[in-house]
Amino acid sequence: MFEAGVEIRATALLERFREVRATTERLAEPLEPDDYGLQSMTSASPPKWHLAHTSWFFETFLLQPAGLRSFHPQFAYLFNSYYESLGPRHARNARGLLSRPTVDEVYRYRAHVDAGVRALIGRFDARALGLLELGLHHEQQHQELLLTDIKHAFFQNPLRPAYQERRDPFGVAPMQRWLRFPEALRCVGHGSPGFSFDCEGPRHPTFVPAFSIASRPVTNRDYGAFIDDAGYHTPALWLSDGWALARAENWEAPLYWERADGGWQVFTLNGMKPVDPSEPVCHVSLYEALAFARWAGARLPTEQEWETASTGAAVAGNTLESGRLHPGPSSEGEPAALFGDVWEWTSSPFAPYPGYRPEDGALGEYNGKFMCNQFVLRGGSCATPRTHLRPTYRNFWPPETRFQFSGIRLAR
């Protein structure tokens with residue numbers, strides 16, 4: 001029998017499980033059968049793979065240890081992402097070649113896993129419920145990845161198909177102000193009740209010098225001035241690796257921008273549209289963010305500064321729940337403007353906090369082994385579920401990444 005607290009938690013998590021799983025499938029509803037297998041680059045995965053991998057996660061870490069049979073003996077090979085300790089897996093760059101299992105079979109796999117969780121949750125102890133909650137946040141990560149990956153795939157199509165048809169007016173971006181914070185010894189990292197990934201802790205004191213942070217992200221208008229001032233052709237603004245990459249790949253603007261009819265157009269999940277000067281600039285690499293910051297006479301915030309600025313702010317803003325799936329101007333200078341619209345690059349490498357220890361077993365591979373050659377982004381985007389965000393959340397990507405909803409907030 002459950003202890004009372006475990007039973008209450010199990011009931012709440014089961015309801016949340018239903019909501020998260022249903023949201024993933026709603027995000028796939030606009031896709032045609034031909035779209036499910038698209039993989040446009042090694043860093044992206046087909047929608048069908050995301051639907052199956054998130055099910056594999058629950059099956060592998062939760063259901064099979066509880067005695068549920070596997071749905072298919074080879075799915076552990078096909079849908080393992082990067083867990084070396086769990087055995088060999090299908091090559092990442094060949095996920096788009098998996099015409100089988102079919103889309104229908106993947107949805108049957110999801111139903112099998114859903115039924116398993118419903119049937120077995122009465123046996124889950126506190127540790128198993130913790131794994132269930134981790135799986136929910138893992139699936140929410142893949143909800144955003146499903147959208148960023150299909151956006152990149154659709155951009156390769158000369159027809160520039162829209163994932164959805166929607167146009168939401170956002171208004172005018174507020175003037176940028178500088179929000180100042182005094183020097184202080186501050187506590188950083190997750191230390192309150194509620195879920196967090198292991199890399200968000202331990203909570204620890206750190207000295208944060210006085211700093212100022214912009215009240216809103218950098219806009220397309222701001223970034224357009226950088227482009228017009230030969231920002232992409234001024235090597236003194238760039239890190240060496242970024243300059244070499246920008247030259248090799250002929251970067252002239254953010255990903256998804258194209259010149260047309262004398263101006264800039266941008267590809268969105270809602271199709272092509274003129275670049276709106278008031279929207280936050282999006283789909284820039286860390287290299288572009290650093291070059292812009294240097295051009296603007298500023299810098300990127302550290303993640304400790306960003307977390308300091310977000311203290312006490314409600315997690316609100318333009319997130320996945322709005323359905324817009326495109327960034328828009330933030331509200332005037334409110335702390336809540338730190339969340340949503342675009343992930344914001346920081347100057348901080350993704351490294352362990354003092355006292356960090358990865359989880360035991362295969363789950364220790366979730367975050368810990370990526371703490372090299374990656375940089376931290378904060379704040380969430382227009383494609384991030386709101387219930388997945390918190391001030392201590394540490395997203396991370398290699399510095400060359402552009403296909404995520406990544407933008408810029410300045411500091412000094």
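I take helices (H or I, at least four residues) and strands (E, at least two) as DSSP runs, numbered from the N terminus. The model is predicted, and I kept in mind that local features need pLDDT of at least 70, that side-chain atom pairs count only at pLDDT 80 or more, and that totals for chains, interfaces and linings use all residues. Residues are numbered from 1 along each chain as its sequence is written, and side-chain values use heavy atoms, with hydrogens and water left out.

Entry on H8. I looked up what follows helix H8 and found glycine 297, whose phi is positive, near 70 degrees. Seven of the 10 residues of H8 (residues 286–295) are buried, so the helix is largely enclosed by the rest of the structure; buried means under 20% relative accessible area, exposed over 50%, and partly exposed in between, with a 1.4 Å probe and protein chains only. Among the buried residues I noted Leu286, Tyr287 and Phe292, and the buried residues of H8 pack against helices H6 (220–228) and H7 (240–248) and against strands E8 (343–349) and E9 (375–378).

Entry on leucine 363. This residue lies in the loop between E8 and E9, and I found it buried, with a relative accessible area of 12%. Leaving aside neighbours within four places in sequence, leucine 363 is in contact (heavy atoms within 4.5 Å) with Phe57, Phe61, Leu131 and Leu134.

Entry on the sheet. I traced four strands forming an open sheet in the order E10-E9-E8-E11, with mixed pairing, where two strands pair if DSSP finds at least two bridges between them. E9 and E10 run antiparallel and are joined by three bridges.
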